[in-house]
Amino acid sequence: MTPAEIRTEIISILEDIAPDEDLTSLQDDVPFREQIELDSMDFLDIVMELRKRHRVQVPEADYAQLASMASTVKYLEPLMKGA
Amino acid sequence: MYDTIIIGAGMSGLAAGIRLAYYDQRVCILERHNTIGGLNSFYRLRGRDYDVGLHAVTNFTPPGAKRGPLARLLRQLRFQWADFGLAPQIGSAIAFPGVELKFGNDIELFEAEIARQFPGEKDNFRRLLQRLVDYDDLNPAHFEMSGRQVLDETIGDPLLREMILCPLMWYGNAAEHDMPFGQFCIMFRSIFLEGFARPLAGVRLILRNLIRKFRALGGELRLRSGVARIKVEGGRAVGVVLDDGRELQARRILSSAGLVETLRMCEDLTQADDQRGGRMSFVEAISVLDRQPQQFGHDRTIVFFNDSDQFHWLRPDELCDVRTGVVCSPNNYAYGAGEGLPDGILRISALANYERWAGLSEDQYRLEKLRWYDRLVESSVRFVPDHRSYVIDTDMFTPTTIRRFTWHNNGAVYGAPEKRFDGTTHLENLFLCGSDQGFVGIIGAIVSGITVANKHCLKD
């Protein structure tokens, strides 16, 4: 997957997890938490959805890498290269 | 071989089941009773639908709210707000001799009522609200503090203290007399800061949506499948033996049966300490009326009453204690235009003693149900309009009914006073959810199932 495709996929996951949020104005360099109402349960869901949809395993120690869209895409790029 | 076996098809077990099935686990929910719901279930009698448990869904927040337990569970279970069909309450009250405090889903009404009837306590009540804001969920010492002590420190008038405690104890205190401050905060938020609501179709609507989702995700539900034993090998749960002798294997087990009740099933333990079980149980007198409650001047959703200045939250020595009670009218919710329940209904709860009820012969049991129905209704009409001449049908449930639906020791509605917030047990792959994990009420139970499933059953 290209970075752009990964971004689209993350948006799709966020739409599933938080259907009431407006994601069109999401800023990639700003942490998710500052823009949308996500708690630790929702973060777990990002991880679980990645596993369910793409068989990508994110160890708990790496959850902090998923803080913003930019850092998430950067973190996932090598993991989803062949996907 | 299942990934997870869940014991109990109540709100917490169903919610956990949805989470796990959604993430592709092989999940089986085992339920001893012949229907789902546990404490919050339903039945049909002489052509009418009745709810067990549910007076009100607490923790109500309107559509679009992003915070609070209701918003959180809808997201986690992938439900829309409309799926629960919640109609907000019209308004409730706490009634003590000579003084009534009204409250609704906006704390301002309650504050205004306190300012009007206890003018000297206005600022003290603000201080109490501040204590709630300052309460730290993550600090166990905060949780265990005495709720009564915090009230003593903030509220000057002893009558107001008792009046504030009354609904909080009624809707979620497993302990007697006092309640931990943590539980006080949870209940205060869910009742006074968030509030009450109900689906027109009652608890069955919520249950139907939960079970449909669970099944659509491939989850398996087995009714009439009580767990007799949890099989243990080398410090791990390996499966269960059902009441009929069949065996099922699982990589882990999640039990909503209660702490003591679950430990007693474990074959590696010779005895579980019954003293830790809860014993607060209820009776409920249900009256079907030939008219809507508002037609005879009863417009409250819930009335918590107590007939003296002292509120006694203790298991009675007798069959029942009707000095305090809860009067719920499912008619008095703000349903949509043209919607409503066909009959008037009043449900009145009082405190009861499980052992006394369980010790009655069948004939005595029938007789005592009639006797206590009359006493309970008689006690309640000191605080709500007398409705006895409008009654067209009645039913009564007792602690033994609650036991049949929940399998809780002593028919303890809110489980054991001692909670297991982390959901762990002595076995590394046996976990607890439901009332003994710590959250009560419909929303609380669902959040409990989600939390424990997330924490212990998803991450490997």
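Reader: Which residue is the bridge partner of Leu45(B) in E4(B)?

Author: In E4(B), Leu45(B) has Arg48(B) as its bridge partner. Before we go on, note that the model is predicted: local features need pLDDT of at least 70, side-chain atom pairs count only at pLDDT 80 or more, and totals for chains, interfaces and linings use all residues. Residues are numbered from 1 along each chain as its sequence is written, while chains are lettered from A and ligands numbered from 1 in the order in which they are written.

Reader: In which sense do strand E3 and strand E4 of chain B pair?

Author: Strands pair if DSSP finds at least two bridges between them; helices (H or I, at least four residues) and strands (E, at least two) are DSSP runs, numbered from the N terminus. Here E3 (residues 42–45) and E4 (residues 48–51) of chain B pair in the antiparallel sense over four bridges. The two form a hairpin with two residues between them, and Arg46(B) in the turn has a positive phi of about 45°.

Reader: What is the order of the seven strands in the open sheet of chain B?

Author: Follow the sheet as E7-E6-E14-E15-E16-E13-E17, with mixed pairing. Strand E7 (99–103) and strand E17 (391–397) of chain B each have a single partner strand, so one side of each lacks a neighbour in the sheet. From one strand to the next, the twist averages 20° (axes are lines fitted to C-alpha atoms, for helices over the stretch in contact, with angles from 0 to 180 degrees between N-to-C directions).

Reader: How many bridges join E6 and E14 of chain B?

Author: Three bridges, in the parallel sense, pair E6 (residues 92–96) with E14 (residues 302–306) of chain B. Within this pair, Ala95(B) stands opposite Phe305(B) in E14(B).

Reader: Which strands does helix H7 of chain B touch?

Author: Contact here means that two C-beta atoms, placed from the backbone, lie within 7 Å. Helix H7 (residues 158–170) of chain B packs on the sheet and touches E6, E7, E14 and strand E15 (320–328), its direction making about 130° with that of E6(B). Helix H13 (residues 399–406) of chain B lies across strand E13 (281–289), strand E16 (344–352) and E17, at about 100° to E13(B).

Reader: And chain A: how many helices and strands are there?

Author: Chain A has four helices and zero strands, giving the pattern α-α-α-α along the sequence. Its C-alpha atoms fill a box of roughly 30 × 25 × 20 Å along the principal axes. Among chain A contacts between residues at least 6 apart in sequence, 56% join residues at least 24 apart.
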